[in-house]
Amino acid sequence: MEKEEVKKKIYELVEKSTGKKKLKSSDIQKTISAEAGISRDEVKDALRDLIDEGKLIYTYFGGSFVEIPPK
Amino acid sequence: MPKKYETPLLDELEKGPFPSFVTEIKKAAARSDMAADELGQLEKSYRDKRGYWKHGGIVGVRGYGSGVIGRYSSLPDEFPNVANFHTVRINSISGFFYTSKFLNEMCDIWDKYGSGLTNLHGSTGDLVLLGTNTENLEPIFAEFSSRGWDLGGSGSALRTPSCCVGPARCEWANIDTLDITYSITQEWQDEMHRPAFPYKFKFKTAGCAVDCIASIARADCSIIGTWKGNIAVDQAEVANYAKKGMNIQEEIVNMCPSKCMSYDGKELKINDADCIRCMHCIAKMTKALKPTGEKGATILIGSKAPFVIGATLSWVIVPFIKMEPPYDEFKDLIRKMWEFWDEYGKNRERIGELIIRKGMREFLEFIGVEPQPQQIKEPRRDPFFFWTEADLQK
């Protein structure tokens, strides 16, 4: 699977969870790798890009989560 | 000129023989609006018997999920200069060896962008800068990173590894604590800056069982230097200690936890097979006793402050492992432990708590370490290891 496609899947997952459940980085890695049949390292790599680009951010609320930055 | 607050309750904390954090904040408050408001809010907290800080939310600079602890005043109208009062953690250097040039630069940066208040070092071991606002986070990071420094760990991540001074200043170090800490830091940059663990994970490395860095109480993974050979005894020096007034029977022999020593007034004997290498006798009689033979480390897991369960001390997982660069065997072992934690750990569950919940047998099987007598934490304590039917049939 192309990296851009993995990034899209990750973003959609985080977007879908917004307001319902905060996702940890490991939740995203487990879910996407199972869904897309790819390794966790590939998901981690795509997630890193999304964070570096500022499309997703880390937050802390008693634990570390990945979220969409506030507008 | 910063606002001056009356602080009768905090003033009480300046009395007595010990250094006072209040005195230090007052010094900073004379030239920093932020430190002045911090003092004002703290006095109000003491008066009202409640805290006025909220924390969380923001966690770092672009690309990082660690290194900044967001802190906000719940009274921003009353104390506007501490409406944001974020903490910045800078990854400390192994053994805390700084140059005065760096310390001067660090203070200049912090006076420019923050409250001027620092904490060297926080309990995790970072160089802690207390109090800045959100806009200044990126410039602070740019200033430090341009000088070769980086942010430390925070949140559900690997925390900044730390160690004792080790072989840099201590002849009793059995391992190179400084190099181990540096190697761990370089190896696991992602784990430190991109939080992906169920909760925090700390490494602390001590050169010997004296454990000057208190790794056994403060780290999820304690790496403690040890040795395999006998303790060499210089009987002439033993006699010197006795001559100078040391009560060897009381202070050394009777204090030996495994009772492996005897002294007849002339000769100190050690039954090395029973020695548990606690370092008590060596630390007391440095001129007379010396470890010999192969050097390495004991790996312990699980200490933490009270949270889901009460405070715990680390317990032995690997009694002896060689610790030589590039530390591949050790790093592979840690990766297996993290895999176990990732697989079964709940949100905010430390690895030690998980081992207690799942059981030592499952943990050891997962990481591929054989059960050993040294893993029993205390005499007459359940070692948490239960035999399977298959084991019993062997």
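**A walk through the two chains**

Let's start on chain A: A:Glu12 is partly exposed, at 41% relative accessible area (buried means under 20%, exposed over 50%, and partly exposed in between, with a 1.4 Å probe and protein chains only). Keep in mind that this is a predicted model, where local features need pLDDT of at least 70 and side-chain atom pairs count only at pLDDT 80 or more, while totals for chains, interfaces and linings use all residues. Residues are numbered from 1 along each chain as its sequence is written, chains are lettered from A and ligands numbered from 1 in the order in which they are written, and side-chain values use heavy atoms, leaving out hydrogens and water.

A:Glu12 has a salt-bridge partner, A:Lys8, with 3.7 Å between the closest N and O atoms (a salt bridge puts a side-chain nitrogen of Lys or Arg within 4 Å of a carboxyl oxygen of Asp or Glu). A:Lys8 itself counts as exposed, at 54%. Helices (H or I, at least four residues) and strands (E, at least two) are DSSP runs, numbered from the N terminus.

Over all chains, the count comes to 32 salt bridges. Over on chain B, B:Glu187 and B:Arg335 meet at 2.5 Å, N to O. That pair ties together distant parts of the chain, helix H6 and helix H12, 148 residues apart. Both ends are partly exposed, B:Glu187 at 35% and B:Arg335 at 34%. In another pair, B:Arg357 meets B:Glu349 at 2.7 Å, N to O; here B:Arg357 is partly exposed at 39%, whereas B:Glu349 is buried at 7%. There is also a salt-bridge network linking B:Lys101, B:Glu105, B:Lys112, B:Glu143 and B:Arg147.

Now for the inside of chain B. Beyond its neighbours within four places in sequence, B:Phe330 is in contact (heavy atoms within 4.5 Å) with residues including B:Ile184, B:Phe203 and B:Ile299.

A cis peptide bond joins B:Pro325 and B:Pro326, with omega about 5 degrees, and B:Pro326 lies in the loop between S15 and H12 of chain B. B:Tyr327 is in that loop too; its phi is near 60 degrees, a positive value in a residue other than glycine, and B:Tyr327 is buried at 5%.

Finally, there's an open sheet of four strands in chain B, ordered S2-S4-S6-S5 with antiparallel pairing (strands pair if DSSP finds at least two bridges between them). S2 (68–69) and S5 (114–120) stand at the edges with a single partner strand each, so one side of each has no neighbour in the sheet. Two bridges join S2(B) to S4 (residues 87–90), and B:Ile69 stands opposite B:Thr87. The peptide bond from B:Leu120 to B:His121 is cis, with omega near -5 degrees, and B:His121 lies in the loop between S5 and S6 (127–132) of chain B.
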